[in-house]
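Here is a protein structure for a reader who has not seen it before.

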Amino acid sequence: MRVTVSRKAHFNAAHRLYRSDWSFEKNDEIFGKCNNPNYHGHNYELIVSVTGDIDKETGYVIDMKILKDIIKSEVEDAFDHKNLNVEVPEFKDLNPTAENIVVVIYNKIRPKLNPDFDLEITLYETPRNFVTYSGS
């Protein structure tokens, strides 16, 4: 039996959406207020979902404490109260859109899990805007 278990987390971070090879006007046209040179912030909500077989001995798919610790070390400690453009190495040359952030989070968590598990990451940038990535 394959079951999906999920853990919610959150982090607060600032970012600016822009391309350094574009003019300010073109960045402003494409990214609007998100192109603010002084950055802007979000209260990101994260859902990490792991799908796998139920272990016959423990009854778990994954120990949620282990999943909590992975999320803390790979996401919360790395992103919380940071300027993604300036302080997070993964975004040195990558525009920190919600789409790119969710892929970065997936790539940070995936190697920490049993390869038999499926992983899906959902990231809410606002209560109404969210993205999902499952590595496919």
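Q: How many aromatic pairs does the count come to?
A: The model is predicted. Rings of Phe, Tyr and Trp are taken as a pair if their centres lie within 6.5 Å. By this rule the count of aromatic pairs comes to six.

Q: Are the rings of Phe-11 and Phe-79 stacked or edge-to-face?
A: The ring centres of Phe-11 and Phe-79 are 5.5 Å apart, and their planes stand at 65 degrees. Planes over 60 degrees apart count as edge-to-face. The pair of Phe-11 and Phe-79 is therefore edge-to-face.

Q: How many residues apart are Phe-11 and Phe-79, the pair that links distant parts of the chain?
A: Phe-11 belongs to strand 1 (residues 2-15), while Phe-79 belongs to helix 2 (residues 64-79). Phe-11 and Phe-79 are both buried.

Q: Which residues form one aromatic cluster with Phe-11 and Phe-79?
A: Phe-11 and Phe-79 are an edge-to-face pair. They also belong to one aromatic cluster, whose other members are Tyr-44 and Phe-91.

Q: Are the rings of Trp-22 and Phe-31 stacked or edge-to-face?
A: The centres of these two rings, Trp-22 and Phe-31, are 6.0 Å apart, with the planes at 20 degrees. Planes under 30 degrees apart count as stacked. The pair of Trp-22 and Phe-31 is therefore stacked.

Q: Is Phe-31 buried or exposed?
A: Trp-22 has 25% relative accessibility and so counts as partly exposed. Phe-31 has 17%. The limit for buried is under 20%, so Phe-31 counts as buried.

Q: Which charged residue sits over the ring of Trp-22?
A: Arg-16 lies over the face of Tyr-18, 4.0 Å from the ring centre. At Trp-22, a charged end is placed 4.4 Å from the centre of the ring. That charged end belongs to Lys-26.

Q: How far apart in space are Tyr-39 and Asn-83, C-alpha to C-alpha?
A: Tyr-39 is in the loop between helix 1 (24-31) and strand 2 (40-53). Not counting residues up to four places away in sequence, Tyr-39 touches Asn-83, Asn-85 and Val-86, as well as Ala-14, His-15 and Arg-16. Tyr-39 and Asn-83 are 44 residues apart in sequence, and their C-alpha to C-alpha distance is 8.1 Å.

Q: What is the bridge partner of Tyr-124 in strand 5?
A: Strand 4 and strand 5 run antiparallel and are joined by four bridges. They form a hairpin, with five residues between them. In strand 5, Tyr-124 has as its bridge partner Phe-130.

Q: What is the relative accessible area of Glu-120?
A: Glu-120 lies in strand 4 (residues 118-124). Leaving aside neighbours within four places in sequence, its contacts are Ile-47, Val-48, Ser-49, Thr-132, Tyr-133 and Ser-134. Glu-120 is partly exposed, with a relative accessible area of 34%.

Q: How far away is the nearest side chain of opposite charge to Glu-125?
A: Glu-125 is in the loop between strand 4 and strand 5 (130-133). Beyond its neighbours within four places in sequence, Glu-125 is in contact with residues including His-15, His-42 and Tyr-44. Glu-125 is buried but has no salt bridge. The nearest side chain of opposite charge is that of Arg-128, at 11 Å.

Terms used:
Residues numbered from 1 in each chain as written. Predicted model: local features only at pLDDT ≥ 70, side-chain atom pairs only at ≥ 80, totals over all residues. Heavy atoms only, no water. Helix = DSSP H or I, 4+ residues; strand = E, 2+ residues; numbered from the N terminus. Buried < 20%, exposed > 50% of the residue type's maximum accessible area, 1.4 Å probe, protein only. Contact = heavy atoms within 4.5 Å. Lys, Arg positive; Asp, Glu negative; His and termini not counted. Salt bridge = Lys/Arg side-chain N within 4 Å of Asp/Glu carboxyl O. Lys NZ or Arg CZ within 6 Å of the ring centre and 35° of its normal. Pairing = 2+ DSSP bridges.
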